[in-house]
Amino acid sequence: MYQYKGLEDTIAAIATPAGQGGIGIVRISGNEAIAVADAVVRLQGAKTLAQCKSHTVQHGWVVNAKDKETIDEVLVMLMKRPKSYTAEDVVEINCHGGMTVMRAVLQTVLNAGARLATPGEFTKRAFLHGRMDLAQAEAVVDIIHAKTENFLRQSHHQLKGELSTQLNEMREELIKLYTMVEALINFPEDGIDAQGRQQILNRISIQENKVIELLESSKSGRILKEGIRIVLCGKPNVGKSSLLNALLKEQRAIVTDIAGTTRDVLEESAQIKGIPISLVDTAGILEPRDLIEMEAVKRSHLYIKGADLVLLVLDHSSPLEEQDRLLMEQLKAVRVLVVINKMDLEGRIDISVTKAIFSQDNVIKISTLQAQSIQALEARIVDVICKDKNLDTHGLLISNIRHIKALEAAQENLQSACRLMNENTSLEFISEELKGAVNQLDAITGRNIDEDLLDRIFSEFCIGK
């Protein structure tokens with residue numbers, strides 16, 4: 001087990017978000033958690049937490065140790081080791097949810113001998129005590145930051161250990177293969193014929209395919225976790241802001257008949273088919289008339305350059321102008337979906353020009369006034385982002401970039417091992433590749449990981465978790 005300075009300390013922190021609420025929680029964990037809580041909490045009936053059963057809730061008051069003045073009336077939850085989140089003694093003081101009272105309760109706890117927890121230290125202790133592996137610990141922060149129900153569900157799969165179970169099964173098979181190869185190296189008199197090498201090769205190939213399958217899932221996993229940025233662009237008064245409001249399903253952008261109403265970039269969050277989306281409404285791409293419009297146009301170009309998808313909005317009721325044609329030429333290098341808006345009006349646009357540049361598949365006709373048009377656009381956006389493949393939202397998905405890099409390295413090891421087997425290379429080299437693959441899988445679950453990297457992973461957590 002990893003040994004870290006401070007692991008024997010009793011730690012405390014506010015576990016609920018900053019701000020006002022009905023309830024605030026101050027969490028205490030460590031060998032002296034119960035003693036620290038008993039020093040600051042006066043329970044009803046003059047009993048102590050040390051006398052109480054685990055997993056019970058007690059009523060009491062947090063009292064200032066110096067003047068015995070009551071700070072707040074509280075409910076205290078007791079969870080004795082090892083059946084707690086950290087596998088240590090844990091006490092959670094449920095007080096009123098104002099920041100002033102929560103800070104006062106926390107300060108009283110710290111004065112009684114606890115140390116302020118560092119970010120992620122409670123979950124780090126859960127990992128160090130074997131309560132969960134590193135992949136499960138990372139799922140905790142994913143749950144906290146989940147933007148959609150789909151990604152929340154995926155994070156729960158990982159927290160329950162589904163990824164870890166699959167990785168451990170793969171690890172066990174690779175360990176068996178490594179042991180077999182090492183035995184052949186150490187006892188060469190036993191020898192290995194072509195059939196034996198083929199059997200080993202086949203078993204390595206099976207594990208490589210499992211790694212590849214996990215890596216394939218990362219495409220869906222990254223989309224569900226991070227979402228995509230969609231930029232709406234087009235000349236003034238083509239309906240970009242109306243489209244933004246329709247996709248958001250609320251009125252966020254000002255809509256008027258006056259060209260150039262949007263003079264700055266407006267960015268909002270939404271969900272489309274369970275995918276987190278960042279929608280960016282840009283100022284109409286026009287010749288700037290002043291410094292404000294000049295900056296707006298500059299920002300628009302920057303957002304377009306960094307977009308996952310650009311919606312080029314054109315007006316069905318207006319002929320294409322030179323500015324439209326120039327925009328289409330400029331957008332050839334990015335992923336574009338051409339949106340012909342205002343289909344409820346008489347058509348004057350020459351759509352053949354857009355189809356010649358972007359192809360028929362990248363053009364869709366809509367009216368922001370019709371709900372079915374917006375639904376069709378949402379479906380097409382998902383198709384374009386997922387390249388017409390179904391987005392997996394239910395299977396086991398990889399979304400953590402650290403896991404992806406480790407799996408890519410493991411695949412390289414296994415791919416190399418297969419190549420070396422086919423080339424009848426000495427078994428010593430195959431053994432090293434198998435060991436490398438095992439080490440990469442162990443890096444994901446935390447069996448084999450650098451201490452500095454571990455600190456960096458948990459530093460991304462919030463204090464109190």
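The model is predicted, with local features requiring pLDDT of at least 70 and side-chain atom pairs counted only at pLDDT 80 or more, while totals for chains, interfaces and linings use all residues. Residues are numbered from 1 along each chain as its sequence is written, and side-chain values use heavy atoms, with hydrogens and water left out.

The secondary structure of the chain consists of 15 helices and 13 strands; helices (H or I, at least four residues) and strands (E, at least two) are DSSP runs numbered from the N terminus. The chain has a radius of gyration of 29 Å, well over the 23 Å given by the globule rule for 465 residues, so it is more spread out than a compact globule. The radius is taken over C-alpha atoms, and the globule rule is 2.2 Å times the number of residues to the power 0.38. Along the principal axes, the C-alpha atoms fill a box of roughly 80 × 80 × 40 Å. The accessible surface comes to about 22900 Å², of which 50% belongs to carbon and sulfur atoms; accessible areas come from the Shrake-Rupley method with a 1.4 Å probe, and for residues only the protein chains shown count as cover. Of the 465 residues, 51% count as buried, where buried means under 20% relative accessible area, exposed over 50%, and partly exposed in between (1.4 Å probe, protein chains only). Among contacts (heavy atoms within 4.5 Å) between residues at least 6 apart in sequence, 70% join residues at least 24 apart.

Helix α3 (residues 121-128) has eight of its eight residues buried, so it is largely enclosed by the rest of the structure. The buried residues are Glu121, Phe122, Thr123, Lys124, Arg125, Ala126, Phe127 and Leu128. They pack against the strands β1 (11-14), β2 (23-29) and β7 (115-116), and against α4, α14 (427-445) and α15. Just after α3, glycine 130 takes a positive phi of about 80 degrees.

Two packed helices are described by the angle between their axes and the distance between the axes. Axes are lines fitted to C-alpha atoms, for helices over the stretch in contact, and angles run from 0 to 180 degrees between N-to-C directions. Angles under 35 degrees count as roughly parallel, over 145 as roughly antiparallel, 65 to 115 as roughly perpendicular and the rest as oblique. Helix α4 (residues 134-145) packs with helix α15 (residues 451-459) at an angle of about 25 degrees, the axes being 10 Å apart; α4 and α15 are therefore roughly parallel to each other. Leu134, Ala137 and Glu138 of α4 and Leu454, Ile457 and Phe458 of α15 make this contact. By class, the residues of the contact of α4 with α15 are five nonpolar, no polar and one charged. Nonpolar covers Ala, Val, Leu, Ile, Met, Phe, Trp, Tyr, Cys and Pro, charged covers Asp, Glu, Lys and Arg, and the others, Gly among them, count as polar.

For α4 and α14, the packing angle is about 40 degrees and the axes are 5 Å apart, which makes α4 oblique to α14. Here Leu134, Ala135 and Glu138 in α4 meet Ala443, Ile444 and Thr445 in α14. The contact of α4 with α14 has four nonpolar, one polar and one charged residues.

Apart from its neighbours within four places in sequence, glutamine 207 is in contact with Met170, Glu173, Leu174 and Leu414.

The peptide bond from arginine 81 to proline 82 is cis, with omega near 0 degrees, and proline 82 is placed in the loop between β5 (70-79) and β6 (90-96). Lysine 342, in the loop between β12 (336-341) and α11 (351-358), has a phi near 65 degrees, a positive value in a residue other than glycine. Asparagine 424 lies in the loop between α13 (401-422) and α14; its phi is near 55 degrees, likewise positive in a residue other than glycine. Asparagine 424 is exposed, with a relative accessible area of 57%.
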